[in-house]
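User: I'd like to learn how to read a few features of this model. Could you take me through them one at a time?
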Amino acid sequence: MNMVEVETISIVIASIGVLVGVTISIMELKNIVKARQAELFMNLYDHYNDAEFVRRWGTVIYQFDWKDFDDWKKKYGPETNIEAYSSFAALGNYFKGVGVLLNKKLIDMSLVENLISPAALRYWEKYEPVIKGFREHYKFPEAWNWVEYLYSELKKRETQLTTATR
């Protein structure tokens, strides 16, 4: 072998080594991102599974009852019943956080769908008229916007899965 062939072989081997190193780094980075997403979601799920959260959920979903926004405001609004309103808002803030994380692609839709979808859907479906009344009454059009986003994404996903199984 002459000197040119040896140099060429060395360059090819070095290039392959760099390519393999980059490939391994990319794979490791993907694994780290997935692990971080799982860790983040498990922190959210731990909160979701906490007894106080479950108590709030039960109260807000099963015990609060109203005819319309004005009736809700009289019974559970921030001016008249701060404790009830706090429970309602705390649930909304939780789902808001999930909506933001989903929008920023920091958590995977399938995790949200599999673990908290029924609760998020039920919250929005029950409180949509209240939230829309709240937005108008308090001149706060962006109130609960990330909860609405989460709801619409979950409904889109539900439609996609239903269509795919037909």
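User: Where does S86 lie?

Analyst: S86 lies in helix 4; helices here are DSSP runs of H or I with at least four residues, numbered from the N terminus. This is a predicted model, where local features need pLDDT of at least 70, side-chain atom pairs count only at pLDDT 80 or more, and totals for chains, interfaces and linings use all residues. Residues are numbered from 1 along each chain as its sequence is written, and side-chain values use heavy atoms, with hydrogens and water left out.

User: Is S86 buried, exposed or partly exposed, and why?

Analyst: Buried means under 20% relative accessible area, exposed over 50%, and partly exposed in between (1.4 Å probe, protein chains only). S86 counts as partly exposed because its relative accessibility is 33%.

User: How do I read the span of helix 5?

Analyst: The expected span is 1.5 Å times one less than the number of residues. For the 29 residues of helix 5 (109-137), a straight helix would span 42 Å, yet its end C-alpha atoms are only 33 Å apart.

User: Where does helix 5 have a kink?

Analyst: A bend is the angle between axes fitted to the seven residues ending at a residue and the seven starting there. In helix 5, a kink of about 80 degrees lies at I116, shortly before the proline P118. Just after helix 5, K139 has a positive phi of about 50 degrees.

Notes: Helix = DSSP H or I, 4+ residues; strand = E, 2+ residues; numbered from the N terminus.
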